[in-house]
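Visitor: I'd like to learn how to read a few features of a structure. Could you walk me through them?

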Amino acid sequence: MATRRLRQELVAFLLRRGQPAETAEDIVQEAFLRFHRAGNQIDDADARPLLFVIAKNLLKDHWKSAGREQARRAPASPEDLETVGQAMADDAPAPDRGLLGREQLDQALTVIRGLPPRTRDAFLLHRFEDLTYRQIADRLGVSVSMIEKHLAEALKRLKSARDD
């Protein structure tokens, strides 16, 4: 089943980032929950990259909260409290930032969907599975220089869309 394989890929992705298996499973569960709550379907063409983005963001949130928890446990000096307070203020999004972030994500997904299949595959393998150029080339059966060209094209189109 595609969902089971995708879940395994997400867990492996998080394990490669040093997460314990239990934490990785929790993050993947939350990623699927948020994915479905947003009205997405697993059959959608952009389901896989979107789930990886959600998992990556949840991992960042996990790291931030772990850092805050560590800061709460440690005895705090006035300088430490000022630093933690500033970090928390920096983490708080501006009121319009959430909407802007969602619009940028939608725009990026539109660009990614519009990439030629090989370019899209190379980009997704590099960006969301953290494969090296050599690993991607081996998987797609092309040269490393061709992967470089595919990735340059994908980044050029994403940058162009962002600048517009």
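**Pocket, helix contact and ring pair**

Guide: Four helices, α1 (2-16), α3 (47-73), α5 (97-114) and α6 (117-129), each supply at least two residues of the lining of the second largest pocket. Helices here are DSSP runs (H or I, at least four residues), numbered from the N terminus. This is a predicted model, where local features need pLDDT of at least 70 and side-chain atom pairs count only at pLDDT 80 or more, while totals for chains, interfaces and linings use all residues. Residues are numbered from 1 along each chain as its sequence is written, and side-chain values use heavy atoms, with hydrogens and water left out.

Visitor: Which helix gives the most to that lining?

Guide: That's α6, with 5 residues.

Visitor: How do I read two packed helices?

Guide: You describe them by the angle between their axes and the distance between the axes. Here, the axes of α6 and α8 (residues 144-163) come within 8 Å and cross at roughly 90 degrees. That makes α6 roughly perpendicular to α8 (65 to 115 degrees counts as such). Axes are lines fitted to C-alpha atoms over the stretch in contact, with angles from 0 to 180 degrees between N-to-C directions. Contact (heavy atoms within 4.5 Å) involves, among others, Phe123 of α6 and Leu155 of α8.

Visitor: And aromatic rings?

Guide: Look at the distance of the centres and the angle of the planes. The structure holds 1 aromatic pair (ring centres within 6.5 Å). The rings of Phe13 and Phe52 have centres 5.2 Å apart and planes at 80 degrees, so the pair is edge-to-face (over 60 degrees). Phe13 sits in α1 and Phe52 in α3, 39 residues apart.

Note on methods: Angles under 35 degrees count as roughly parallel, over 145 as roughly antiparallel, 65 to 115 as roughly perpendicular and the rest as oblique. Rings of Phe, Tyr and Trp (its six-membered ring) pair if their centres lie within 6.5 Å; planes under 30 degrees apart count as stacked, over 60 as edge-to-face and the rest as tilted.
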